[in-house]
Amino acid sequence: MKAFQTALPFRLRAVLLAGLFCLLAGAGLIGYRLYLRPTTLTIAVGSFDGEARQIASIIAGGLATTESPIRLKVVNAGNALDVSKAFAAGTADLAVVRADSVDRQLARTVALTAHGVAMIVAPPGSGITSIEKLRGHTVGVVGGEINHGLVEVLEKEYDLGRANVVFKDVAPADARRALQAKEVGALLLVVPLTEKHLAYVKGLFREGANSTPVLIPIDSAGAIADVKGPYESFDIPKGTLRGAPPVPDDDVTSLRVGYYLVANRHLGSSLVGELARKVISVRRDLIGEQPLLSGISAPDLDADAYLPVHPGAAAFYNGTLESFMDRYGNAIYLTPMALGALASMFAAAWRFLGVRSSETACTTLDELCVLPARIRKVDNEAELADIEDEVDAILRAQLAKSADREDSASEIHALIGVAHRIDNLVHQRRLLLAARTPAIGEARRHGFPLAT
């Protein structure tokens with residue numbers, strides 16, 4: 001270290017230390033900014049009415065407004081089926097999907113966004129009042145492929161293939177025309193029971209006091225739901241389509257399926273738990289202004305749920321979400337211990353190399369080696385006594401430092417040797433001074449000039 005200090009002037013060493021400090025400070029600042037930078041997750045949405053995109057956009061805006069550590073990038077993937085395909089392909093971290101159209105191996109639920117209710121409706125005055133009476137008729141499947149899973153369930157439960165019931169895909173915009181042209185005898189559609197979607201169902205039929213559509217019940221909904229699939233039994237309330245006179249005039253048994261905000265199962269639990277907390281917080285804060293958020297709630301938390309809940313979201317809903325100290329407490333506790341251990345190891349290695357002891361010994365020897373020159377110039381006994389006291393102090397300090405070191409024997413021997421030499425010089429100088437004192441007195445008595 002001393003050689004290094006000698007080779008480099010103080011100003012250069014100061015510049016090097018300042019540069020190192022700036023480098024460390026810059027690295028710390030960059031790390032801090034990266035830690036505070038929000039995590040952006042891509043969410044895929046899509047529906048024929050655009051409602052899923054509106055919900056996702058509202059949530060994304062709420063997260064941005066509250067400076068959440070999580071931000072959402074909303075991507076319109078097309079229709080509901082395209083969303084499921086995009087999520088399965090891994091192009092999105094999150095998606096708003098229907099439970100019967102998503103990859104169960106990949107998707108983990110974060111929140112329930114809405115329920116879609118299955119409706120089989122026939123035109124006013126139709127004689128089709130039950131599924132059994134669909135025999136020989138064509139049923140228009142509004143939405144097409146997204147509802148094929150429901151069609152398969154109904155065909156299997158009611159053996160509709162043998163009843164010559166034909167299912168035909170119909171675009172939402174063509175549903176009214178298909179009914180009027182008698183291309184289909186009934187329509188199968190899955191919609192939330194919201195004012196907007198009920199208005200669409202009512203608009204499929206001509207208006208009038210006697211133009212009440214026929215809602216066909218799915219009587220085996222309970223048996224279908226018992227299979228633990230994506231569907232559950234649900235009663236469409238009396239008066240859902242019209243209040244007075246009520247249409248239907250009584251509760252109608254049907255099926256419903258959930259729309260979920262799902263996350264890739266590989267996303268971290270802490271990240272998804274924080275996302276669930278923020279989504280529920282946004283719903284609570286904005287539900288008065290945004291009625292679309294009213295359907296957001298906790299998903300099915302049961303272990304045997306058709307779509308499993310993400311562990312992070314489950315921790316939030318169950319109140320077991322890790323706090324900051326729970327998450328980083330061990331690291332905070334162990335870091336000082338690890339740093340202390342590293343410092344001890346570094347100090348041991350430093351002492352093993354002998355860098356510190358050599359430097360200390362050299363410093364002490366330097367102090368002692370300058371004393372002979374001072375001793376040769378001393379002219380009185382008092383200065384010699386001061387030098388002896390100084391040597392004693394240096395030796396005591398060095399012996400105290402070397403007492404607990406096993407490798408200090410050679411240093412002590414060297415210091416003792418130097419001390420003996422200094423002691424001899426002091427003794428010789430004292431004799432010289434004692435011999436000079438009478439000679440000086442005699443010269444003064446005879447008036448001879450003194451030699452300097």
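This is a predicted model: local features need pLDDT of at least 70, side-chain atom pairs count only at pLDDT 80 or more; totals for chains, interfaces and linings use all residues.

Q: What is the mean pLDDT of the protein chain?
A: The mean is 82, and 83% of the residues reach 70 or more; pLDDT is the predictor's confidence in each residue, from 0 to 100.

Q: Where is confidence lowest, and where is it highest?
A: The lowest mean, 49, belongs to helix α1 (residues 2-7), and the highest, 95, to strand β10 (residues 252-264). Over residues 1-6 the pLDDT is below 50, and this stretch has three contacts in the model beyond near neighbours in sequence. A contact means heavy atoms within 4.5 Å. Residues 352-361 also stay under 50, and the model has nine contacts for them beyond four places in sequence.

Q: How many helices and strands are there?
A: The protein chain has 15 helices and 10 strands. These are DSSP runs, numbered from the N terminus: helices are H or I with at least four residues, and strands are E with at least two.

Q: And how much of the chain is buried?
A: Buried residues account for 38% of the 452 residues. Buried means under 20% relative accessible area, exposed over 50%, and partly exposed in between, using a 1.4 Å probe and protein chains only. Of the contacts between residues at least 6 apart in sequence, 76% join residues at least 24 apart.

Q: Turning to helix packing, how do α3 and α9 cross?
A: The axes of α3 (residues 51-65) and α9 (residues 269-286) come within 10 Å and cross at roughly 95°. That makes α3 roughly perpendicular to α9, a label for angles of 65 to 115 degrees; under 35 counts as roughly parallel, over 145 as roughly antiparallel and the rest as oblique. The axes are lines fitted to C-alpha atoms, for helices over the stretch in contact, and angles run from 0 to 180 degrees between N-to-C directions.

Q: Which residues make that contact?
A: Helix α3 contributes Ile58, Ile59, Gly62 and Leu63, and helix α9 contributes Lys278, Val279, Val282 and Leu286. By class, the contact has six nonpolar, one polar and one charged residues. Ala, Val, Leu, Ile, Met, Phe, Trp, Tyr, Cys and Pro count as nonpolar, Asp, Glu, Lys and Arg as charged, and the others, Gly among them, as polar.

Q: How many salt bridges does the whole structure have?
A: A search finds nine, where a salt bridge is a side-chain nitrogen of Lys or Arg within 4 Å of a carboxyl oxygen of Asp or Glu.

Q: What about the one within α9?
A: Arginine 277 pairs with glutamate 274, with the closest N and O atoms 2.6 Å apart. The two are three residues apart in helix α9, so about one helical turn separates them. Arginine 277 is partly exposed at 35% relative accessibility, whereas glutamate 274 is buried at 16%.

Q: Which strands does the bridge of glutamate 232 and arginine 256 tie together?
A: Glutamate 232 lies in strand β9 (residues 231-236) and arginine 256 in strand β10, so the pair ties together parts that are 24 residues apart in sequence. Their closest N and O atoms are 3.4 Å apart. At 32% relative accessibility, glutamate 232 is partly exposed.

Q: Arginine 98 and aspartate 100: buried or exposed?
A: Both are buried, and they form a salt bridge with closest N and O atoms 2.8 Å apart. Aspartate 100 is also 8.1 Å from glycine 229, C-alpha to C-alpha, although the two are 129 residues apart in sequence. Glycine 229 lies in the loop between α8 (221-225) and β9.

Q: Lastly, what does threonine 113 touch?
A: Not counting residues up to four places away in sequence, threonine 113 touches Val96, Tyr259, Tyr260, Leu261, Gly295 and Ile296. Threonine 113 lies in strand β4 (residues 107-122) and is buried at 7% relative accessibility.

Note on methods
Residues are numbered from 1 along each chain as its sequence is written. Side-chain values use heavy atoms; hydrogens and water are left out.
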